[in-house]
Amino acid sequence: MHADPAGVLTGTHFLDGDHACCEGALAAGARFSSGYPITPSTEVVERFAARVPKIGGTFIQMEDELAASIALQGAVWGGAKAFTVTSGPGFSLMMEHIGLAVMTETPCVFVNVQRGGPSTGLPTLPAQGDMMQARWGSHGDYEIIALCPNSPQESFDLTIKAFNLAEKYRVPVFVMLDEVVGHMTEKVVIPPADQIEVEPRRYTTIPPGQFLAYKAKDDLVPDMPRTGEGYNVHVTGLTHDERGYPDMKPAQQDKLVKRLVDKIRKNADKIILYEEDQIDGADVVVVSYGITSRVAQRAIDLAREKGVKVGKFRLITAWPFPEKKLAEIASKVKALVVAELNLGQMVREVERAAAGKATVRFVGHAGGSVHRPEDILQAIMEVAR
Amino acid sequence: MAKGKVEIVVERCKACGFCVEFCPTKVLALSSAFNSKGYHTPYMVHPEKCSGCDLCGMYCPDFAIFGYKPAAPTKDAAAPAAGVAATAASEEAQDAR
Amino acid sequence: MTTTIHTNPVEPFLRSERMPHIWCPGCGIGTSVNSFARALTDANLDLQNVAIVSGIGCTGRVAGYMNLDSFHTTHGRAIPFATGLKLANPKLNVVVYSGDGDLFAIGGNHLIHAARRNVDIKVVCVNNLIYAMTGGQTAPTTPGSVITSTNPYGTYDPSFNLPYLVEAAGAVYVARWTTFHVRQLARSMQEMFKKKGFAFIEVISPCPTLYQRRNKMGDGLDTMKFYKEVSKIKNGAPTSEVAMSKAGEIVVGKFVDRERADYRDLMHDRLTEVLGDQYVEAEACECSI
């Protein structure tokens, strides 16, 4: 269905990533946000607080990220599309509730504008150090979806995508910005509402009394009941059966948790997004995402000028990880250069997918400043030899 | 003739003794019989004293007992299998000795 | 021949297929649920619009046993979940039903902020003076000096006076009853449903398996008789004077009943004042979005 025009700021704008992300949420239909201030993400909810009272929705600044990350889930069950925004330290606090959203299959969006870590780290400077945390940060076995915009325009577009994926797969979806993408100002084109596709909530058409809240459909995702309409839902973080009632036997654990994981793994082909360029015939492929991909582009161009056959592979979804595609690339190229703003996170996934078929060369540092093109170029030149 | 009657869902009872203690007319006692979990469940030792006040039901933490007045129907619509007592008018007539 | 069906008044509110429940013999949580069911009936609420939110713990299991829209959330966080639920769907009557540890230890911060804001939610706190589900550890409400599993030589932590704390934080309705006071509790709960704003009822309950047993205080029935003996009804008592001790008087009654604008009203009034016609009030959310 089309976006609700009330939330769509159609036009050509000059916005930073944080602001564009907020507009993306509004365009997607988000009408509730619970937040807590944390640099460099705060602007997202500040803008939401200013915009949403004129659209019809609520922003509430909660007392901490523990509250923010669950208040939005209450709002989802109340019927709203909801999200929160944070950075490293807040992200760590939200981990338990990410698990709750996974287990209860609550569609919602968490935006992390990544900054230097660990701990308080570098509040005003970029890093890409939470990538593994987005995937593994909560306890137990689960899968999530994470998107990595590399520009304010993508912050807008991919936030809409995040909401749509959340509704479709009933899973928390992460928009992993970083401080530079969040604070860089660029042109953002927001189309008219009728050119923006939004995924409606998959409410069931089965009446109360006959509906099993956690019985999955063919895509492994159950439809959602509505609160306040006599369904008498039971939503619990305990391992549960198809009615939603606690059922804590090992067989049920196996059945439920496998389905929660499979609903992403088996639908991965429909979820995964990447950008590739000149992979065919390449000797070296540079793998990157987020702000690093902007610098990597420069390094790739310089390397090509020097005659190196360099391909580009940009992760748009970091999770689920495009392992099949990377495995295929690894079997055809000499080397993969993985550039990221951390001390080695997504590179491990690349290594795993490559399974030794290509050299994997990591270029990264602990955050605080973006890569210099020459750092990535040097790595390309070294592995190209 | 007793104004009230008590219905006991034997399998839910955990023999806490609240109903026995707090019945205002001391209608109940724990019997020597027991349910499948081994709990001695209550029974009406003085049924003629029951007023159907449902204080036993209010106290019961296990939803295993309730009192009612057979002459007056209760408000609730649904009648699930447990916690239901059906009285026939003819039974009432017989009871009125 | 006519047949009259008599149902236990609590039965329509239960997920009967899940009975018997997991609470111990003599535990008062089930007793409090009877009062709750009675209150829901007497308040004539549209049950479709009643939502119950629990945290983790023995009392947290209430949500799973009640035949309402029910949410069994994380430890300590029922109140912020309820806040989001209520703000997104104001037509719902949102009740938080949880225990003392859940609401006042890990959840303490959320409780005081929701009371401060006067969010329109109703909080029933079953206070059994212990962390029961996990085996009987010291809670912020455990009076001194008693034996718990984490204070095997006896507690020395001072304990909270819950009504005092909640009143100070801003609640508009504060009452305390014990599980002995089944009728008064039902009446208080009914009053609470009609009260706009953050309303709180503390229900003192036995935990015979852990709290009472470890301290040789008898079983659930002994504790109920103890409540009957030592409770004093003092409606309107200053909450500063209702602290509980191990064996002393338990002051019960309705302590606070006052008026304050609730959070939605505050938000609405401010935004209307500043934005005028530009303010678009959040609707109870459109289900198709």
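Student: In what order do the 5 strands of the open sheet of chain A come, and what sort of pairing do they have?

Tutor: First, a bit of bookkeeping. This is a predicted model, in which local features need pLDDT of at least 70 and side-chain atom pairs count only at pLDDT 80 or more, while totals for chains, interfaces and linings use all residues. Residues are numbered from 1 along each chain as its sequence is written, with chains lettered from A and ligands numbered from 1 in the order in which they are written.

Now the sheet: the order is β11-β13-β12-β15-β16 in chain A, and the pairing is mixed. Strands here are DSSP runs of E with at least two residues, helices are runs of H or I with at least four, and numbering starts from the N terminus. Two strands pair if DSSP finds at least two bridges between them. At the edges you find β11 (274–277) and β16 (359–364) of chain A, each pairing on one side only. From one strand to the next, the twist averages 20 degrees; the angles come from lines fitted to C-alpha atoms (for helices, over the stretch in contact) and run from 0 to 180 degrees between N-to-C directions.

Inside that sheet, β12 (residues 284–288) and β13 (residues 310–315) of chain A run parallel, joined by 5 bridges. One bridge to look for puts Val285(A) with Gly311(A) of β13(A).

Setting aside neighbours within four places in sequence, Val308(A) is in contact with Asp283(A), Val284(A), Ala303(A), Ile380(A), Met381(A) and Ala384(A). "In contact" means C-beta atoms, placed from the backbone, within 7 Å of each other. Take Ala384(A): the two residues are 76 apart along the chain, yet 7.1 Å separates the C-alpha atoms of Val308(A) and Ala384(A).

α11(A) packs on helix α14 (residues 373–384) of chain A at about 50 degrees, and their axes are 8 Å apart. That angle makes α11(A) oblique to α14(A): under 35 degrees would be roughly parallel, over 145 roughly antiparallel, 65 to 115 roughly perpendicular, and the rest is oblique. α11(A) brings Val295(A), Ala296(A), Arg298(A), Ala299(A), Leu302(A) and Ala303(A) to the contact, and α14(A) brings Pro373(A), Ile376(A), Leu377(A), Ile380(A) and Met381(A). By class that's 10 nonpolar, no polar and 1 charged (Ala, Val, Leu, Ile, Met, Phe, Trp, Tyr, Cys and Pro are nonpolar; Asp, Glu, Lys and Arg are charged; the others, Gly among them, are polar).

Now step out of chain A. Of the 2 pairs of chains that touch, A and C have the most contacts, with 49 residues of chain A meeting 41 residues of chain C. α3(A) gives the most to chain A's side, 10 residues, and that side holds 22 nonpolar, 17 polar and 10 charged residues.

β10(A) pairs in the parallel sense with β3 (residues 69–72) of chain C over 3 bridges, and Val235(A) stands opposite Phe71(C). The whole open sheet has 9 strands, ordered β10(A)-β3(C)-β2(C)-β4(C)-β5(C)-β7(C)-β6(C)-β9(C)-β8(C), with mixed pairing. Its edges are β10 of chain A and β8 (231–233) of chain C; each has a single partner strand, so one side of each has no neighbour in the sheet.

At the chain C end, β8(C) runs parallel to β9 (residues 250–257) of chain C with 3 bridges, and Ile233(C) faces Val252(C). Elsewhere in chain C, helix α3 (residues 78–88) is largely enclosed by the rest of the structure because 11 of its 11 residues are buried, Phe81(C) and Lys86(C) among them.

Technical notes
A residue is buried if 20 or more other C-beta atoms lie within 10 Å of its own, exposed if 12 or fewer, and partly exposed in between; C-beta atoms are placed from the backbone.
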